[in-house]
Every structure is written in C-alpha cells, then in structure tokens.
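Reader: I would like to go through a few local features of this model. Please show it first.

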Amino acid sequence: MDSNIFDYMRSTNMEKEAPLAARMRPRTLEEVMGQEHIIGKDKLLYRAIKADKISSVIFYGPPGTGKTTLAKVIANTTSAEFTQINATIAGKKDMEEVVAKAKESQGMYGRRTILFIDEIHRFNKAQQDYLLPFVEDGTLILIGATTENPYFEVNGALLSRSVIFELKPIPMEGVRELLKKAVYDPDRGMGAYDAAIDEDALEFLADISGGDARHALNAIELGIMSTGRSQDGKIHITLDVAQECIQKKAVRYDKGGDNHYDTISAFIKSMRGSDPDAAVYYLARMLYAGESVTFIARRIMICASEDVGNADPQALAVAVSASLAVERIGMPEAQIILSQAAAYVACAPKSNAACQAVFRARQEVERSGNLPIPPHLQDAHYKGAAKLGRGTGYLYAHDYPNHYVKQQYLPYELNGTEFYKPTGNGYEAKIREHMQRIRREAETV
C-alpha cells in the first residue's frame, strides 16, 4: 500500500516538473493542433480512434508535429494494453518481453496490445522482421513513428500491413495559440510565473519554429526561466528575448505574405538568369527562415524543366535526385543537396523551347479541338481495326536509315506546324542539328 502511495506521488511530481513541451502535450483529439487532414471528424483515423478500432499505423512527419502525441491520445482512449518502446535503445529482449505479455493479455483476458515504437526507422531489418508475424496474426497492433520516409526505412512487409499517415508541420496560427496557452495557462503552462509575451515575439516564435511545436515551447520555457522580472513585477518575453532563446535573428519572411513570394520569385529568377551566387543567397534566406526543403526542391525541379529544358537534360535529373535526397535525409544536410542542385540549374545552358512547345500545342488543341488522327497511326490490333484500314500504310522508323522516315504524324490539318523549336543553346543545339540532318537525308533517299 505504502509503495502505491509513493508511486503515485512520484508520478504526480514528475508530471508537474516535466518540461513544458511534455506538460502541454494534447490529451484528447480535440486538443491536437493541426492535422485535420487525418484527424478531422470525418476522417478514417478520427473514427478509428473514437471507436477504439485502431489497426496498425505508421505516423510519418517532421519533428514536433504530434506523432508521439497521437500515440498518447490513442493510449488514453483505447481499452487495449498500451506499451511503448524507443527503437534507439530497445533490443530483441525488450521485444520478446512485449510479445510474451501481449500473448498473455490476449489469452487470459482477451485484450489486444498496442505497441508504440518511437523512431521505428532505427530498427534494423532483422528487428522489424521479428515483429512481422505478431503484427500479422493480431498479437500486436503496431503504431510506428518516424521522421524518415517510411517507404525507404521500414520493412515493406510491415508497410503492407499498416496504414501510413503523414503529419504536416503545425500551421503558424496553431503554434501561436499553443504558445499563448503555454505562457498564460496556470495549470499545465507557465502561468504561475506571471509572464507576458509581446505580439512581435509571439509572431516570431510561431513563424521561426517551422511548424515544430516542441521547438517553440522549449524556447518559451527557456525565456521565462532565464529572464528577470521588470519593474512591474512581470517577466516580459520581448522579441530580443525570443531571438536569444531560439538563437536566430528575426528575418522578415511571412510564409503567407508578400516577402515569401518575393524571395522564392528572386530565387527562381536568379536560377533562370544564370546567377548561381544570387540563387544560393536566396536559398540560404529561405532555409534560415524555416522554409520547407521539399517546397524549395519542387521549385528547383520546375526551373530545371521550364528554364533549362533540353539545353541540359541532366539538370532535371539532378533536381529530381535532389528532391528525393532531401526527403530522405532532412536538415541540416539537405541544405548541401539543395545548394548543389540550385547551383547546377543556375549554371546550366538555358532553353524554354520544350516549355513553349506544350503551350503552343495546348493553344492549338483549344482552337481546333480533336482533329482526326491519321489512319496509319491508329491502332491496328483491336478486333476489326485492320478491316477498317486502321494502321494501314504505317512506316516503321527502324527499317529506314537514321531510324527515321518522313510520314504524316500530325493531323493532316496541321501539316507543317512546328510546336517544338530547339534553340542553339547547349545540348539543344545538337538536338536541332540532329533533326535537321535526318530530315535532310531522308529527302535525298
């Protein structure tokens, strides 16, 4: 009995003395900030949690977006046994104990066991394989949390038996509201310290956190605990205090405002204008302000196709590889990959001929509609097609010199129309020269 009292007092004291981020962790679905795309009231995960019918899931997303929080919410609402292990320190013996207890609970009491594995990507293949049969036969319901792309880091067999939910960075307004509660809530927050936060400091922390609630809460806690009281007896969290606590100067970069669009516009125009120094500078500004690396990577891919095009086809390959790499690696190393890709695209020869080609073609389609496809290009394989003349007269290009033969490919009404006009820049000059040569030689045959 005395042991139970001491255990209760210990857990109570730990809860009061826990870091602010832990104390402010949502306890119900209704308290969770953001993630409406997966826990909105009409969404599958919300219904499953409320009905206590959760199946194996993997939560994937950046730090501080609520992966562990959702697992804790499930723990608070489920009738199943809930066990948590961390993949960074857990070994096979720990998993064997979990499985043994799960079998006992299922056999003796008919109760399911939910196993939450934080940082599941840290488990090697053998450890993940060990869990597979127990997930498959229902002994364990797996909840995995990872900051890494699960399609790269988690066993394919486990993936196929789990539903993957991607968590997004918490919206700035959500982080802002959470910070206000943290400062003024006397029960779970820092309200007992009689602190106040200035509006510009609140906006700065909400913006610079990049959707990471834990990062913002840690800064608030540090600020309140390390700042002396003013003459009015209050602890004031000013912009200077906020900057010092998060170790970043305020950069004017509202992700929903003009400066955001101005910066990304300058970044793209610098790559298009073949200025790698300016491109890397604007890249650094976006990264410093907490811009999403995947958003930046998407813009580099678009520029590589739209502005470089076939003048250097390798530019798109570099940009796509960079996009995949930053998703897998994350910050801070992702900045190196983005810098390489942006510098490559900026230095590459430029052509928008392929981009303009599809725009010209779309205008023609809008003007002339669905013109008849030449009969010799139509499919001759379906039943009765040959009798209708479909495919008759088609010339197989590989049977001719240069693997080219002159025949009508466009609808007859568009004969001679040019949509793609290769420039003389970079590799596109070779494309133009090649097309001119094979056409010229075909005329002499």
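Reader: Which backbone oxygen lies 2.8 Å from a polar atom of the side chain of Ser-162?
Author: This is a predicted model, where local features need pLDDT of at least 70, side-chain atom pairs count only at pLDDT 80 or more, and totals for chains, interfaces and linings use all residues. Residues are numbered from 1 along each chain as its sequence is written, and side-chain values use heavy atoms, with hydrogens and water left out. Ser-162 lies in the loop between helix H9 (156-160) and strand E5. The backbone oxygen at 2.8 Å from its side chain belongs to Leu-158.

Reader: Is Ser-162 buried or exposed?
Author: Buried means under 20% relative accessible area, exposed over 50%, and partly exposed in between (1.4 Å probe, protein chains only). Ser-162 has 12% relative accessibility, so the residue counts as buried.

Reader: Which residue in E5 stands opposite Val-57?
Author: Strand E1 (residues 57-60) has Val-57 and Phe-59 pointing one way and Ile-58 and Tyr-60 the other. E1 pairs with E5 (residues 163-166) in the parallel sense over 4 bridges; strands pair if DSSP finds at least two bridges between them. Opposite Val-57 stands Val-163.

Reader: Which residue in E4 stands opposite Tyr-60?
Author: E1 also pairs with strand E4 (residues 141-146), in the parallel sense and over 4 bridges. Tyr-60 is buried. Opposite Tyr-60 stands Thr-146.

Reader: What is the relative accessibility of Ile-373?
Author: Ile-373 is in the loop between helix H19 (353-368) and helix H20 (426-444); helices (H or I, at least four residues) and strands (E, at least two) are DSSP runs, numbered from the N terminus. Ile-373 counts as exposed because its relative accessibility is 51%.

Definitions and conventions: Polar contact = N/O pair within 3.5 Å; in protein donor to acceptor, adjacent residues only side chain to side chain.
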